[in-house]
Amino acid sequence: MQHYDNIIIGAGHNGLVCAAYLAKKGQSVLVLEASDTLGGLAATREFYPGYKVGVAHSLSHFSAQIVSDLNLTAHGYIPGAPMPTIGLDLEGKHVVVTRDGLRGVSKKDLDSYIDYRQLLERFAGMLSPFWLKTMPRIGSKKFADLTTFAQLGLKLRLLGKRDMGEFMRVATLPARDLMDENFDSDLLKAVLSWDGLIGSKMAPRSPNATVLAMLYRMSGEHHGASSIPKDGIESLINALHLVLVNAGGQVRCNAPVTKINVKGDSTGLRATGVELADGEILHARRVISSADPKRTFLQLLGAEHLEIEFTNRINRLRCDGYVAKLHLALDGLAHFSGIDIPDGRMIVAPHMDSIEFAFDDAKYGGSPAQPVMEIVLPSINDSSMAPDGKHVLSAHVMYVPYSLKGGWTAEAKANLQDLTIDTIAQYSPNLRDRIVHAEFLTPEDIESSHHVTGGHWHHTELSMDQMLMMRPTYQAAQYATPIPGLFLCGAGSHPGGGLMGGPGHNAARHVLAAGKGL
Amino acid sequence: MKKYDAIIVGAGHNGLTNAAYLAKAQLDVLVVEKNDYIGGAAVTREIHDGWFYSSCSYVCSMMRQSIHRDLNLTRHGLVLVPYLGTVVFGDHGDTMVSYHSEEAEYNQLRRRSPHDADAMFRFQTDLARYARLIRKTLLRTPPDPTSFRPRDIKELLWLAKQFWSLGETELYEYIRFFTMSAADFLDDYFEDDLIKAAMASPGVIGTALGVYSPGSAYILLHHVMGDVDGNIGAWGLARGGMGAISNAIAGAVQEHGGEIRTNAGVDKILVKNNQAVGIVLDSGEEIYGGIVVSNMDAKRTFTQCMDRADLPPGIYEKAVNFKIRGSSGKVNIALSGLPTFTGVADNRYINRGGQGFVGSMETMERAYDCWKHGRWSDDPFIESVIPSAWDPTVAPPGQHWMSNFVQYCPSQLADGPWTAEKRDAFGLTVVDKIERYSPGFKDLIVHMEVRTPFEIEAEVGLTEGNIFQGELTIDQLLFNRPFPGYAQYRMPVKNLYMCGSSTHPGGGVSSACGANAAREILIDLRRPNTVPEDDFGDE
Amino acid sequence: MKTDNKTQTSKLDPYAGERLKRSHFHPRQAELNLRDAWSSWNGYKFADYYYDEEYEYFCIRNSCATYDICPMQKYRISGADAHFMLNRMVTRDLNKLKEDRVTYVCWCTDQGRLIDDGTIFKLGSESFMLTCGSPSLAWLRKSALGFERLEITDLSDDLAALSFQGPTTCEVLKKMGLEGIQNLKPFNIMYFDIGGSSHKPLMVSRTGFTGDLGYELWIAPQLALTLWDELYAAGDDYGIQPYGEAATNMARLEAGFIMPGMEFNEALKTVNYQYDQTPFELNLDWLVDFNKPHFNGRSALLEERDRGPKYRLVKLDIAGNKPADESALYADQKCSVEIGYVTSAMWSPVVKANIALAMIDSDYIDGSIWAEIYYGKELRHHSKVVRCVLQNAPFWAPDRARLTPPPAF
């Protein structure tokens, strides 16, 4: 019987990153994936013959350090150029946001934007080293932990008196206040607040989460701008897979884990391996889960092995997804009024109130009367996504509740799909004529297809009380869990969700450091 | 011409407290007040013959007892009497009484939910733990975290030590508590919606947030961290109305030789050579002083009472961005008799408390949604109290006055400016709602005064009618209040100070802002400190 | 009380909502409460004492006496997961608990701080009853999260219970017709008929909180007064008497049993950091079974065991006859080194000793111990410093409490 050093649950990008680092250090690694494709929420799949798409349709901050550590560029991953973000306007007066500037706004807003951008980049720069560090426990007396605290304090001080004071004020500001303080244009405000809100149950008026989420997304090499790799997101997943296999790691698809096995005796508990859906039992020194924390602890492990308060903390994690996906197979390019080639990331949210009010519908379990969304046509940047001359449109639709009052009936879904297409068609008059096939995935659909609790992109909400040394919750925030031999490496761990790789990287480092003692 | 040592602009309770402590330190102090009465938002006024309305603030619990004692406020006429029970009303006519006795309270909760009755013990324990920590900061000047001055570092370390004394897990819980919504916080404890709604209501009072908004859990704490004689979370009435508090503090000001001038609205704060030197009244009269202390809110102080040219760069913008949102209204009602409420027994003890028309969590949140759309809530959250039920001085015998605090009510309506008709329609929304729970209520009304944020701003001078002089969100708390770098009561112009609720520790009739400011001023003037330290009945 | 008078009076009595609940035995107990000495427990009107606290105490030690435990909290936990859920919650190993047996348990927070103690009755392979002094439903629910095949029922108001303690109890129950009661071993459960029933509605456990021979009687509310009447009829010749909180407190202190609010502060109701206690501090080491692979607080308690508890609960025999309530303890007669505090103290009428339970800093446990005692004499207050001697055995532990059948009184 084979006994692995590490079994990793889930071949999402974090699972693969973690596995690749461990395999490169000479450890035996087996990655178990429930579905038939690698990549998790970043997996690319054919949703209509010849047309491909993934839940994630672009990258915003995949870690450059991981790219270089694992030499991903030599394995087929070629980062793409930053895409502009375009705030769509019904009259074609779009706002175009790039890192260096803006188009379609007043001189005053442009000037403010330069200052705003520089301030946020200074803040993001201060925080960026910490996304790839293990966040210490408060009160830890370990030297490495104290160093991390000292560095954080020092970095904060090095911002200077004014920036530091401003950081401590701005860090918890709602998007709306931040935008109102800086800009006049409604559309610009809505577009800029988007990156602080998407994926969360948060609206522009909600305090305490937006800015940190923005700064987190700004940690990438394009400082937060989205991009699509030259050969698609698939190329990133393939590169990770290749590095892993070359280093001797193994991956098994269609191998859903149903249970994390635990041995208990008078020395306490220890994770010993996993059980698969077909009853096969696999043994390992360590089980590292990239599944979300709720699934890992409550379904795979089981409450009886955990402490009571801890179990309840895991249970109360806010894991309900609020983003639905629309996928359209198009038999030609959809034209957007006032845009030559729709190769940017387009946002439909005319003003912050439209985001706020869409959220208001969802917070009572309703479907948004006027959905707001982000649209990308990935086939423009990566021609392999659709047959020649044809295209794919992918939209993240906010705020679509995971649990709809009355449930997600076929009718409710069809209505929202229609509403979403109508909304896009306001900006793209020929859209409806081009549609060959449409697919609409609610968070509930994403949950069942991707084995993610609540269909939440980030596994659990990226908000202040679930970040840093509290992600997913204390006593599991340093990748180790209360069960010896069981570790976390998914988006539910620090630094969080998005195609970033941080949790996988940090978990691997922690496991290796802990392994020295074994 | 006479030059005062200190001029305090605004005779609100904090301005008066500040003046009292400066006067006590032998300074020659003048308080100027635009209205013909003192007290700001802590006033009692005979609006209708024989009825004395606490027309703005209406209950008291945060008043620092060390100040109460130190300024001899009891001798100056102040008596605080605790509340008894409160009744909350749910959407569908169910009621829940919060009884004064722990055992009766337990039974009452148990009738709704045995689980929640048990959970309440833990909730109160956790809240007391959180409150205890924050209470310790009330009468202290916040440290400047960006400063390297020994005093700031010492104070920061003190704060860190207080946090640390919670223990590691409680510290994490505390951080969570600070950033989460009242709804999420309460979901950790309770299952019954009306119990949650009753507990959540303090989380939104006075603020432009909903019960589902992150950050509202802290505001909940802000309302329960006060005490009456050491009972944390208890509320009390000032005998004779809230004006009794201001009058008593004014008595202390005068006892120490301070001077108070009413009908003396300030047009401008005078600045020469980057120093505040005095004020110009609306009448054109100029009065000079060694220092000027503003009891007005930060926005009013910097954007209306100062020349932009007198301010260092960036300050005007900070003041403009200072969040001070009108979200509440007030309806004061004179009644010919004590109203009865459906489902509430004719129990003399229950009726010595307040009424909370909370409805449900969703009703409260939907009330907030209306505010976002620029209109007053169709089904508002109302916190009421009938002080005349146990204060014999505020209404004729056998008749009553009822204070109704109403959320939400925006300072700017989406459909144009406030008018008298809209104000009355708002008032009608409120009494219609009360009538639903108290049939015949409207027939008892003798007189009614409706105050929207527009009236509150016009009369009291609180920008947008915000009762806290600025939102109590993390970006405006502690060392961020009112702006980062200016949280120690000294303002960007030399010799100019602030002592109102725009400063730490924020809103509420606590006298803490005024006292803290006085302590800092006396340090600058090299005078002996006259401000007492806090004391805690709970430790 | 959900039955009789409440529904009728609520219309008439505007204070009904605020009044204390009445125990199922209230009609009989009220008659005997000549002093109107009522206090409350978990929302119930509850006797401090009925006639005289010391008389009632001597009934426990000399004849027999009843104590109303209706207000005690009682929960039924049943279903296939009931055993697993409870076994993870408490520190003892429930695999060792057989059917129709009762065990004394405690349970802790994740940090190993004591939440409460109580007893678990194993009524069937998948059916348990947990009893404890304070409401615990919220913690039970938290503990049950993740266990699907489980039902928790709060029986507190729906099960009448009477504790029956003292040397003549077995005899009285025999006289009452509980055949075979003399064979009931400590912590065992038996069922009996009463009032002509045939389905054995009366459950009797040989348990109690007095350290003496005694039983606890459990029955449906509608039979509560029948039980009372039959018991009092049988007990009349054996000195039966109801006793209240005051006598209980004396008896349990002699037996060395801990009380919440005295020896320990329930962890979930403790505001200050570590002002609560661990089982080790309370000498409950024997309840913590580390052979069990997992239970709540295990890793924290393991650390505590290895580190040694900061405090230890001890039994003290104190010089003189002035009870040492709320005394501070010192390592020296000059009171310069404070080492602990008294949690409960009394003059023990049976042992003729000045006894106390106290928390002492573990570092000083082997040295000399002095108590500073305050006492009053005709409005004057005095204090004195006296020597304390550590006791290992309970102050009161008669053989009859353990023997089966119990010896004749």
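Reader: What are the ground rules here?

Author: The model is predicted: local features need pLDDT of at least 70, side-chain atom pairs count only at pLDDT 80 or more, and totals for chains, interfaces and linings use all residues. Residues are numbered from 1 along each chain as its sequence is written, chains are lettered from A and ligands numbered from 1 in the order written, and side-chain values use heavy atoms, without hydrogens and water.

Reader: How many helices and strands are there in chain B?

Author: Helices (H or I, at least four residues) and strands (E, at least two) are DSSP runs, numbered from the N terminus. Chain B has 16 helices and 20 strands. Its radius of gyration is 22 Å, close to the 24 Å of the globule rule for 539 residues, so chain B is as compact as a globular protein of that length. That radius is taken over C-alpha atoms, and the rule is 2.2 Å times the number of residues to the power 0.38.

Reader: How many helices and strands does chain C have?

Author: Chain C has 9 helices and 19 strands. For its 409 residues the globule rule gives 22 Å, and the radius of gyration is close to that at 22 Å, so chain C is as compact as a globular protein of that length. Its C-alpha trace spans about 65 × 55 × 50 Å along the principal axes.

Reader: Where are the mean positions of the charges?

Author: Lys and Arg count as positive, Asp and Glu as negative; His and the chain ends are not counted. Each charge is placed at NZ of Lys, CZ of Arg, CG of Asp or CD of Glu. In chain B, the mean positions of 51 positive and 67 negative charges are 5 Å apart. In chain C, with 45 positive and 55 negative charges, they are 2 Å apart.

Reader: How many residues of chain C are in contact with chain A?

Author: On the chain C side there are 20, in contact with 18 residues of chain A. Buried area is the accessible area (1.4 Å probe) that two parts lose on being put together, summed over both. Here it is about 1,500 Å², with 54% from carbon and sulfur atoms. In chain C, Asp110(C), Leu145(C) and His294(C) lose the most area to chain A, together 36% of what that side buries.

Reader: Is Val90(C) buried or exposed?

Author: Val90(C) is buried, with a relative accessible area of 0%. Val90(C) lies in the loop between α4 (82-89) and β5 (101-108). Beyond four places in sequence, Val90(C) touches Val105(C), Cys106(C), Trp107(C), Ile120(C), Lys292(C) and Phe295(C).

Reader: Where is Thr44(A) placed?

Author: Thr44(A) is in strand β3 (residues 44-48) of chain A. At 11% relative accessibility, Thr44(A) counts as buried. Leaving aside neighbours within four places in sequence, its contacts include Thr37(A), Lys52(A), Glu234(A) and Met385(A).

Definitions and conventions. Contact means heavy atoms within 4.5 Å. Buried means under 20% relative accessible area, exposed over 50%, partly exposed in between (1.4 Å probe, protein chains only).
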